[in-house]
Amino acid sequence: MGYPGHLTISSSSKGKSLSSLAPLEAIVFDIDGTLCDSDPLHFCAFRELLLEVGFNGGVPITEEFFVQNISGGHNEDLCGVLFPDWDLPKARKIIERKEILYRRLASENLDPVKGLSKLCNWIEDHGLKRAAATNAPRPNAELMLSILGLTDFFPALIIGEECERAKPFPDPYLKALHAINVSHKHAFVFEDSVSGVKAGVAAGMPVIAVGTRNPEKLLTEAGAIFVIKDFDDPKLWKALEEMEEKAELATTAAT
């Protein structure tokens, strides 16, 4: 299966159900805000650094501003969003300092999203392939997976800034599918941000949104097939059960 590079899968996944994927072969995860509730730590780090440089006249950013302008964004893009009048190297230094602060906070305060261990066990029991695709810098991604005990769980870790384009473009998810040799027709995505949902949809996969912090309305408008509170949400397990039943019926009919 060739990696399509900059090409977008033309068939939209919006409105697809998980049952349409049967048999399911893989699940691709975002990391920040999806595997762990990390947005509050990013918010604190950004608020502190932006205050230090006098952003917004010294008025602290709000959570609403963070959700609308920062959450899920790629750092190179955030340089232009937050510091449009700055030289890029200067903006990058502030963002890099923010990431250092975030990693310090994460090493002390990062917790998995509720039900994550149960879901990971289900994935392993069903022999599904998996990959992680994130806009986070590699040091952040590797730290988060290590803290969560998932370094070995994901054989493929795709970093947005190492792709031709980061989310909301589909490139990280297309590269993840290529890495684990799975078609978009037999995989789905867990995401928590608007940009991530758009990326998964553009890659041709159904996206289940984890509503840890971002509003359900925005995630649904971006194309999520449904939004769950966490990985213990009955809505998720009902959808997985229905998908299994369809796969079993198809197997029975073929024999």
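Salt bridges to start: the structure holds 11 of them. The term stands for a side-chain nitrogen of Lys or Arg within 4 Å of a carboxyl oxygen of Asp or Glu. Bear in mind that this is a predicted model, where local features need pLDDT of at least 70, side-chain atom pairs count only at pLDDT 80 or more, and totals for chains, interfaces and linings use all residues. Residues are numbered from 1 along each chain as its sequence is written, and side-chain values use heavy atoms, with hydrogens and water left out.

Take Arg 213 and Asp 37. Their side chains meet in a salt bridge at 2.7 Å, N to O. Arg 213 sits in the loop between β5 (207–210) and α9 (216–221), and Asp 37 in the loop between β1 and α1 (39–52), so the pair ties together parts that are 176 residues apart in sequence. A word on the element names: helices (H or I, at least four residues) and strands (E, at least two) are DSSP runs, numbered from the N terminus. How accessible is Arg 213? Its relative accessible area is 43%, partly exposed. Asp 37 is partly exposed as well, at 29%. The scale here is: buried under 20% relative accessible area, exposed over 50%, partly exposed in between, with a 1.4 Å probe and protein chains only.

Next, a pair inside one helix. Glu 142 forms a salt bridge with Arg 138, with the closest N and O atoms 3.2 Å apart. The two are 4 residues apart in helix α6, which means about one helical turn between them. Glu 142 is partly exposed, at 40% relative accessibility. Arg 138 is partly exposed, at 27%.

Now Lys 167 and Glu 191. Their side chains meet in a salt bridge, 2.6 Å from N to O. Lys 167 lies in the loop between β3 and α7, Glu 191 in strand β4, so parts 24 residues apart in sequence are tied together. Buried or exposed? Lys 167 is buried, and so is Glu 191. There is a network here too: salt bridges link Asp 30, Lys 167 and Glu 191. And Lys 167 has another feature. The peptide bond from Lys 167 to Pro 168 is cis, with omega near 20°. Pro 168 belongs to the loop between β3 and α7.

There is a cis bond from Ala 22 to Pro 23 as well, with omega near 0°. Pro 23 is found in the segment before β1.

On to helix α7, residues 171–180. It is mostly covered, with 7 of its 10 residues buried. Among them are Tyr 173, Leu 174, Leu 177 and Ile 180. What do the buried residues of α7 pack against? They pack against β1 (26–29), β2 (129–134), β3 (157–159), β4 (187–191) and α8 (194–202). Contact, throughout, means heavy atoms within 4.5 Å. After α7 comes Asn 181, whose phi is positive, near 60°. Asn 181 lies in the loop between α7 and β4. Asn 56 also has a positive phi, about 60°, although it is not a glycine. Asn 56 lies in the loop between α1 and α2 (63–69).

Ser 38 next. Its place is the loop between β1 and α1. Ser 38 is buried, at 0% relative accessible area. Its side chain reaches the backbone nitrogen of Gly 33 at 3.0 Å. Leaving aside neighbours within four places in sequence, Ser 38 is in contact with Asp 32, Gly 33, Tyr 102, Leu 110 and Met 144.

Last, the domains. The assignment gives domain 1 (18–35 + 113–254) and domain 2 (39–109). Those bounds come from an automatic or database domain assignment. Domain 1 brings 17 residues to the contact and domain 2 brings 14. The C-alpha centres of the two domains lie 26 Å apart.

How much area is buried between domain 1 and domain 2? About 1300 Å², with carbon and sulfur atoms giving 54%. Buried area is the accessible area (1.4 Å probe) that two parts lose on being put together, summed over both. Helix α6 (residues 138–148) gives the largest share of the side of domain 1 that touches domain 2, with 5 residues.

Key. A polar contact is a pair of N or O atoms within 3.5 Å; within protein, one must be able to donate a hydrogen and the other to accept it, and residues adjacent in sequence count only if both atoms are side-chain atoms.
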